[in-house]
Amino acid sequence: MVEQVSRNNNLKIPKEIEVVVKNTNSIEDELSSIEAVATANDQKFQKNRIKKKLEDSNKDTEVISQIPTNANDLMVITVVKKLGAYIIAVTEKSPKKFRGVFVVRMQNYCLDTLENLLEANFIRMDSLENKNKRAEFQKQAIIKLKLLGYISMLAEISGCILKRQYKQISIQVAESINLITAWKKSDDARWNNKK
């Protein structure tokens with residue numbers, strides 16, 4: 001018997017609804033998809049190896065989602081913060097022999113970039129001298145990001161990081177450089193409009 005909703009028998013609606021943000025494709029779903037494709041193509045399927053690979057890739061990208069987005073920060077600053085968190089998470093598992101060569105460099109370039117962007121953001125463009133200082137910090141941030149991209153490429157070639165990790169770093173570095181370039185163009189346009 002289905003219960004009818006009437007004035008006497010109110011539907012009890014919760015005052016707070018829990019927000020559940022979860023990846024719609026769980027590891028089991030992805031594993032099933034990969035197994036189905038492998039079976040259809042008559043290929044070998046090593047369930048444990050692929051499951052471990054999927055779990056590892058989930059852990060790496062999970063770190064990025066834990067960085068809170070601050071409404072007061074510029075988008076580029078948030079992207080660089082997430083890049084830094086990702087690099088720290090990825091290089092945590094790097095072999096010891098690479099820690100002095102690649103790991104420290106990659107982390108430092110990322111932190112230097114964040115420092116340059118924060119310094120540029122705090123300079124007001126009220127004079128030509130300040131505008132030039134701001135542009136110099138932006139330029140230094142781009143240089144550090146390009147160096148980070150190069151060092152991460154060498155790290156991937158040497159076996160310090162995995163190919164998928166290098167790909168993720170490259171994507172984030174490119175996005176950061178594009179955002180800084182757009183920021184510089186915006187500053188130039190604002191300065192020209194002031195004149």
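Author: Ser-94 touches Arg-99, Val-103, Cys-160 and Ile-161, leaving out residues up to four places away in sequence. Keep in mind that this is a predicted model.

Reader: Where is Ser-94 placed?

Author: Start from its contacts, which include Arg-99 and Cys-160. As for the place of Ser-94, it is in the loop between helix 3 (75-91) and helix 4.

Reader: Is Ser-94 buried or exposed?

Author: The relative accessibility of Ser-94 is 2%. Buried means under 20%. Ser-94 therefore counts as buried.

Reader: Which residue has its backbone oxygen 3.1 Å from a polar atom of the Ser-94 side chain?

Author: Ser-94 touches Arg-99, Val-103, Cys-160 and Ile-161, sequence neighbours aside. The backbone oxygen at 3.1 Å belongs to one of these residues, Cys-160.

Reader: How far apart in space are the C-alpha atoms of Pro-95 and Cys-160?

Author: Pro-95 also sits in the loop between helix 3 and helix 4. Its contacts beyond four places in sequence are Gly-159 and Cys-160. Pro-95 and Cys-160 are 65 residues apart along the sequence, and their C-alpha separation is 6.4 Å.

Reader: How does Pro-95 count by relative accessibility?

Author: The value for Pro-95 is 34%. Buried needs under 20% and exposed needs over 50%. Pro-95 therefore counts as partly exposed.

Reader: How many charged residues are in the contact of helix 3 with helix 4?

Author: Helix 3 brings residues including Val-76, Lys-81 and Ile-87, and helix 4 brings residues including Val-103, Met-106 and Leu-117. By class, this contact has twelve nonpolar and five polar residues, and the charged count is one.

Reader: What is the distance between the axes of helix 3 and helix 6?

Author: The crossing of helix 3 and helix 6 is left-handed. The angle is about 160 degrees, and the two helices are therefore roughly antiparallel. Their axes are apart by 9 Å.

Reader: How many nonpolar residues are in the contact of helix 3 with helix 6?

Author: Among the residues that meet are Val-79, Leu-83 and Tyr-86 in helix 3, and Ile-169, Leu-179 and Trp-183 in helix 6. The contact holds four polar and three charged residues, and the nonpolar count is 13.

Reader: What separates the C-alpha atoms of Lys-82 and Cys-110?

Author: Lys-82 is found in helix 3. At 21% relative accessibility, Lys-82 counts as partly exposed. Lys-82 and Cys-110 lie 28 residues apart along the chain, and their C-alpha atoms are separated by 10.0 Å.

Reader: How is helix 4 oriented to helix 6, roughly parallel or roughly antiparallel?

Author: The axes of helix 4 (residues 99-121) and helix 6 (residues 163-194) come within 13 Å and cross at roughly 20 degrees. Angles under 35 degrees count as roughly parallel. Helix 4 and helix 6 are therefore roughly parallel.

Reader: Which residues of helix 6 make the contact with helix 4?

Author: This crossing is left-handed. From helix 4 come Met-106, Leu-117, Ala-120 and Asn-121. From helix 6 come Ile-169, Ile-180 and Trp-183.

Definitions and conventions: Residues are numbered from 1 along each chain as its sequence is written. This is a predicted model: local features need pLDDT of at least 70, side-chain atom pairs count only at pLDDT 80 or more; totals for chains, interfaces and linings use all residues. Side-chain values use heavy atoms; hydrogens and water are left out. Axes are lines fitted to C-alpha atoms, for helices over the stretch in contact, and angles run from 0 to 180 degrees between N-to-C directions. Helices (H or I, at least four residues) and strands (E, at least two) are DSSP runs, numbered from the N terminus. Angles under 35 degrees count as roughly parallel, over 145 as roughly antiparallel, 65 to 115 as roughly perpendicular and the rest as oblique. A crossing is left-handed if the near helix is turned anticlockwise from the far one by less than a right angle, and right-handed if clockwise. Contact means heavy atoms within 4.5 Å. Buried means under 20% relative accessible area, exposed over 50%, partly exposed in between (1.4 Å probe, protein chains only). A polar contact is a pair of N or O atoms within 3.5 Å; within protein, one must be able to donate a hydrogen and the other to accept it, and residues adjacent in sequence count only if both atoms are side-chain atoms. Ala, Val, Leu, Ile, Met, Phe, Trp, Tyr, Cys and Pro count as nonpolar, Asp, Glu, Lys and Arg as charged, and the others, Gly among them, as polar.
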